[in-house]
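Here is a short briefing on charged side-chain pairs. Look over the sequence and the model, then read on.

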Amino acid sequence: MFLLKLALILLISGTTVAQDMKRIGDCWIRSGTICAGANLSGANLRGATLTYAELPRAKLAGAKLSRANLEGADLNNADLPRANLVNANLRGADLRDASLEDARITDADLRSARLRGANLDGAVLRDTVLSDADLTGASLRGADLGNAELLHTEFIDARMQRANFALADLSGASLKGANLHGANFSNADLTNADLTGANFEFAVFTGAITENCSGCPALQPR
């Protein structure tokens, strides 16, 4: 009788696990999954656990990834235009050369994420944490980073024409050689930031804090 009960428990447990696991095409939606190049365009992955998943070159255009956990995931060269990543955890994720045009990434955690060469044109990153992230050579034209936390973030040689950094904390950030033409830094904190060689023609720095900022334009005291 005991063995029969144990067998039933194991059967029910196994059935529950199988029901909880989601599969899209050949891709299992789970931590550590290997789905290189998978087509997940438009997929509903809200709240999914994809920590340390291998998703290089994956197609995720328009995917619903709000509250998804993608910490440490490999999304190198992934295609994520118009994806919904609100409240997502992308801490330490590899997003080098990824396409994130017009993506919604508000209130997300991208601390220490690697975004070298990524395309974030028109993306909305308001209230997002990008501290210690690497966006060297990335494109953020027209992106909205209002009130974002960007401590020690690297934007070296990034293309950020008309980007919005109003109220953002860029303390210690490096924007060396970046194109900031027409960007908005109203009330942003640029303490100890480095804008050496940056193009900030027509950029707005009204109310910005520029203490010990290298290369920042000369501003009137607040």
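**Salt bridges and burial**

Asp-134 is buried, with a relative accessible area of 16%. That figure comes from a predicted model. Asp-134 pairs with Arg-116 in a salt bridge. The count of salt bridges comes to seven.

**Asp-134 and Arg-116**
- The closest N and O atoms of Asp-134 and Arg-116 are 2.6 Å apart.
- Arg-116 has 42% relative accessibility, so Arg-116 counts as partly exposed.

**Arg-126 and Asp-144**
- Arg-126 forms a salt bridge with Asp-144, and their closest N and O atoms are 3.2 Å apart.
- Arg-126 and Asp-144 are 18 residues apart, and the pair links distant parts of the chain.
- The segment after strand 2 holds Arg-126 and also Asp-144.
- Asp-144 is buried at a relative accessible area of 19%, because the cut-off for buried is under 20%.
- Arg-126 is partly exposed, at 32%.

**Asp-94, Arg-96 and Arg-114**
- Salt bridges link Asp-94, Arg-96 and Arg-114 in a network.
- Within it, Asp-94 bridges to Arg-96, with the closest N and O atoms 2.8 Å apart.
- Asp-94 has 5% relative accessibility and therefore counts as buried.
- Arg-96 is partly exposed, with a relative accessible area of 31%.

Technical notes: Residues numbered from 1 in each chain as written. Predicted model: local features only at pLDDT ≥ 70, side-chain atom pairs only at ≥ 80, totals over all residues. Heavy atoms only, no water. Salt bridge = Lys/Arg side-chain N within 4 Å of Asp/Glu carboxyl O. Buried < 20%, exposed > 50% of the residue type's maximum accessible area, 1.4 Å probe, protein only. Helix = DSSP H or I, 4+ residues; strand = E, 2+ residues; numbered from the N terminus.
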